[in-house]
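Q: Could you take me through this model, starting with the overall fold and then going to the local details?

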Amino acid sequence: MSDERDQSLAVTPLGYPGRLLAPGETYESVSETIASIPLAKHPPRAWYWGFGLGFAFFMLLLFAITWLFIKGVGIWGINIPVAWGFAIVNFVWWIGIGHAGTFISAILLLLFQQWRTAINRFSEAMTLFAVACAGLFPLLHLGRPWVFWWILPYPDTMGVWPQFRSPLVWDVFAVSTYFTVSLLFWYLGLVPDLATVRDKAQPLWQKKLYGIFALGWRGSAAHWQRQQSAYLLLAGLATPLVLSVHSVVSFDFSVAIVPGWHSTIFPPYFVAGAIYSGFAMVLNIVIPVRKLYKLERLITLRHLNNMANVMLVTGEIVAYGYLIEAFMSWYSGDVFEEFMMKNRAFGPYGWVFWLLMIMNVVVPQVLWLRRVRTNLVLLFLVSFSINIGMWLERFVIVITSLHRDFTPSAWGMYSPTFWDWATLAGTIGMFFMLQFLFMRFLPMISISETRELVAEPEKAEA
């Protein structure tokens, strides 16, 4: 803790923590600290507890999916008029969480933000696992997931093609492209580090295994030139995906005529919310892992403070989106829009709306205080509140817009069943199980990029 206090005293003129790396770090210390984690014979005991808990919930997910295949989607709480339930709520939530990875890795790379270095590998892996969790829900929601390929643009001899005017088909293109580019971007940045781990490994099987995935990397000038060119190209490709993917997901709602969905503010509002929840999840992962693996010298308060600042900015954009939605429902003069807003706030699900406002708007305002942004416990709790709040936001958008639409005779209520909750909990378990496996076998911080900070200390402290 003394190191951390010393770092917190080194502040910029604006009062922010001033160091990206603790003083005294060298090429060798950086390589040894990061590479020793996947090469260790046994992980910390807490790793077994975390992985075991995630694996247990993953087994619950498999059980819930098996029962779904046997009985059908009737085991969920969906009905008429609420035909979209937890499956779509969870899909949008998980896609949003995956956005911080590409934002941290691609956009901040193009903007020459060096503070991304210690956290980009975490966030890139988080993106892949979150998109994998998200991809399950639309398939399960189809009712007949074994024919999911019907929505792909394959040459059908019967001349029957997917409805390309449907945003649900657009999702297939957007999410699959996002996942593919994110996977390539993550792996390309990992190659030099896999070679470092290969060279430090002692058992022959480890050398062989990491050597295969290092693709023969030897660190020559030609290798670096090609890797950096491809890395920058993929960053350029990934940057518009941050804006496009969640915009396309928002079209699932905004192209409909249902009050509460038919809104032009959804694309930017969804993108800001995605980055908001994504950064919150990164902090919820990084803060405990930083403590568990004693990475305080590499992931400093400067990194956590900067992420908190991004959360604060995107949180204000999300709050503005809530305000504009309420204003436009009044200003439009549309009786259906006015009723939708009143129903959200004071209808049967009104308590969810106000809980959402507390967790997503009120609680994050403490991030204006520097002592909160640099207090690990408070920052973790605020991030956790945001993650819950963003899930509640998706619940409000999906459920309360459907359960009371134009015709009172078609109104109904939605109540999630045990199987809804089991599927959600199972994907959370799957996400953390994959995250723990990643931390166990791969370098969780970029060795090559952290060495650049050692080589250029004046930029790291700028």
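What follows is a short chat about the fold, the salt bridges and the backbone.

Q: What kind of model is this, and what do I need to know about the values?
A: This is a predicted model, in which local features need pLDDT of at least 70 and side-chain atom pairs count only at pLDDT 80 or more, while totals for chains, interfaces and linings use all residues. Residues are numbered from 1 along each chain as its sequence is written, and side-chain values use heavy atoms, with hydrogens and water left out.

Q: How many helices and strands are there?
A: The chain has 18 helices and 0 strands, where helices (H or I, at least four residues) and strands (E, at least two) are DSSP runs numbered from the N terminus.

Q: And what is the radius of gyration?
A: The chain has 23 Å, which agrees with the value near 23 Å for a compact globule of 462 residues; the radius is taken over C-alpha atoms, and the globule rule is 2.2 Å times the number of residues to the power 0.38. Along its principal axes, the C-alpha trace spans about 70 × 55 × 40 Å.

Q: What share of the residues is buried?
A: Buried residues make up 55% of the 462, with buried meaning under 20% relative accessible area, exposed over 50% and partly exposed in between (1.4 Å probe, protein chains only).

Q: How about contacts, what share joins residues at least 24 apart?
A: Of the contacts between residues at least 6 apart in sequence, 81% join residues at least 24 apart, a contact being heavy atoms within 4.5 Å.

Q: Switching to charges, how many salt bridges turn up?
A: A search of the whole structure gives 7 salt bridges, each defined as a side-chain nitrogen of Lys or Arg within 4 Å of a carboxyl oxygen of Asp or Glu.

Q: What does Lys200 pair with?
A: Lys200 forms a salt bridge with Glu28, and their closest N and O atoms are 3.2 Å apart. Lys200 lies in helix α7 (residues 167–200) and Glu28 in helix α2 (residues 27–39), so the pair ties together parts that are 172 residues apart in sequence. Lys200 counts as partly exposed at 24% relative accessibility, and Glu28 is partly exposed as well, at 48%.

Q: Which residue does Glu449 bridge to?
A: Glu449 pairs with Arg116, the closest N and O atoms being 2.6 Å apart. Glu449 lies in helix α17 (residues 447–455), whereas Arg116 lies in the loop between α5 (99–110) and α6 (120–141), so this bridge ties together parts 333 residues apart in sequence. Glu449 and Arg116 are both buried.

Q: On the backbone, where is the cis peptide bond from Ile80 to Pro81?
A: That bond is cis with omega near 20°, and Pro81 is in the loop between α3 (45–71) and α4 (86–97). Most residues other than glycine have a negative phi, and most peptide bonds are trans.

Q: What about the phi of Phe112?
A: Phe112, although not a glycine, has a positive phi of about 60°; this residue lies in the loop between α5 and α6 and is exposed, with a relative accessible area of 71%.
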